[in-house]
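Hi,

Here is the structure I promised to send over. Have a look at it first, then read my notes below.

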Amino acid sequence: MATVELSFTALPAHVRTARLVATAVARRSGVDESLLDEVRLAVGEACSRAVEGHQLYCPAEPVRLSLTDLAGRFEVEVTDACAPAARLPAGQGAVGAVAGGHGAENNGGLPASIGIAVIEGLADDVQISETAAGTSIRMSWPSSGASR
Amino acid sequence: MDLKLDHHSKDGIEIVDVEGEIDVYTAPRLRELLIELVNSRFYQLVVNMEKVEFLDSTGLGVLVGGLKRVRAHDGSLDLVCTQERILKIFRITGLTKVFGIHDTVDEAIAARRAEK
């Protein structure tokens, strides 16, 4: 069972809240202080990506964040509800939306997948899985498991 | 902390002072300011990020977008940043090769002058 679960309306303003919660729980879970900035940035990237996807395809659905203190690992999972079917409106294709991210038109020409690239550069272990319901980004960092 | 933006001219270069967090929520305000400056014919920009506490890929996209806009007018956009946690995201994404990143505003201005 997750230590903390959070679901929030897909609004950019809430991404900061998600970052703060994730950092606080990581600290309590015994993640080293030197890694907390990485946790904060990676969680922010994953949540930003999810929010942008939701705003395009399913604004009424919440973004879900799960923070789990495992034995020696602090695990974060960010789950969006952008089902592949929802990304492909009949005959229109998915404008700016690919598995790697969304909203490329506002990204200064950076590839849409840059958020994923940043996450992979920050977290020790990153697993991205797509299901019929949406995409899940799972990432983890070492922890001392000091607090439960 | 929210985002605070200010700008002023120094030695003919427009210095943009950024303080706080640049993320998916606040980045549009920085984008608007950079567009406004370019529309006002400020093509030599230095973005001072010494008081930036957080920067994500959305913020990077805004900076890259600003760079493209000033370069379209033969301009420049340099950065001032010494914070390791902010520099790290530039390194991960390879953008240290795209931006001139300096330790101080004066150093950024001097580097720009030297290139002219």
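**What I found**

Let's start with chain A: buried residues make up 44% of its 148 residues. A residue is called buried if 20 or more other C-beta atoms lie within 10 Å of its own, exposed if 12 or fewer, and partly exposed in between, with the C-beta atoms placed from the backbone. Before you go further, keep in mind that this is a predicted model, where local features need pLDDT of at least 70 and side-chain atom pairs count only at pLDDT 80 or more, while totals for chains, interfaces and linings use all residues. Residues are numbered from 1 along each chain as its sequence is written, and chains are lettered from A and ligands numbered from 1 in the order in which they are written.

**Chain A, the overall layout**

Chain A has four helices and five strands. Helices (H or I, at least four residues) and strands (E, at least two) are DSSP runs, numbered from the N terminus. Two residues are in contact if their C-beta atoms, placed from the backbone, lie within 7 Å.

**The sheet of chain A**

The five strands form an open sheet in the order β1-β2-β3-β5-β4, with antiparallel pairing. (Two strands pair if DSSP finds at least two bridges between them.) At the edges stand β1 (4–8) and β4 of chain A, each with a single partner strand, so one side of each is left without a neighbour in the sheet. From one strand to the next, the twist averages 15°.

Now look at β5(A). Strand β3 (residues 73–79) of chain A pairs with β5(A) in the antiparallel sense over seven bridges, and A:Phe74 stands opposite A:Trp141 in β5(A). β4(A) also pairs with β5(A) in the antiparallel sense, over six bridges, and there A:Asp125 stands opposite A:Ser140. The hairpin of β4(A) and β5(A) has four residues between the strands, and in it A:Gly134 takes a positive phi near 155°.

Is β4(A) hidden or in the open? Of its six residues, the number buried is zero, so β4(A) lies largely in the open.

Two packed helices are described by the angle between their axes and the distance between the axes. Here, axes are lines fitted to C-alpha atoms, for helices over the stretch in contact, and angles run from 0 to 180 degrees between N-to-C directions.

Helix α1 (residues 13–28) of chain A packs on α2(A) at an angle of about 145°, with the axes 9 Å apart. The crossing of α1(A) and α2(A) is right-handed. (A crossing is left-handed if the near helix is turned anticlockwise from the far one by less than a right angle, and right-handed if clockwise.) The residues of this contact between α1(A) and α2(A) divide into nine nonpolar, three polar and three charged. For those classes, Ala, Val, Leu, Ile, Met, Phe, Trp, Tyr, Cys and Pro count as nonpolar, Asp, Glu, Lys and Arg as charged, and the others, Gly among them, as polar.

The axes of α2(A) and α4(A) come within 9 Å and cross at roughly 155°. That makes α2(A) roughly antiparallel to α4(A); angles under 35 degrees count as roughly parallel, over 145 as roughly antiparallel, 65 to 115 as roughly perpendicular and the rest as oblique. α2(A) passes α4(A) in a left-handed crossing. Residues making the contact include A:Leu41 and A:Ala42 of α2(A) and A:Val118 and A:Leu122 of α4(A).

Which residues of helix α4 (residues 114–122) of chain A are buried? They are A:Ile114, A:Gly115, A:Ile116, A:Val118, A:Ile119 and A:Leu122. What covers them includes α2, β4 and β5 of chain A, together with α2 and α3 of chain B.

**Chain B and the contact**

The contact takes 17 residues from chain B and 20 residues from chain A. On the chain B side, the largest share, eight residues, comes from α2(B). By class, that side of chain B has seven nonpolar, five polar and five charged residues.

Chain B has an open sheet too, with five strands in the order β1-β2-β3-β4-β5 and mixed pairing. Within it, β2 (residues 13–22) and β3 (residues 44–55) of chain B pair in the parallel sense over eight bridges, and the bridge partner of B:Ile15 in β3(B) is B:Val46. α2(B) lies across β2, β3 and β4 of chain B, running at about 180° to β3(B).
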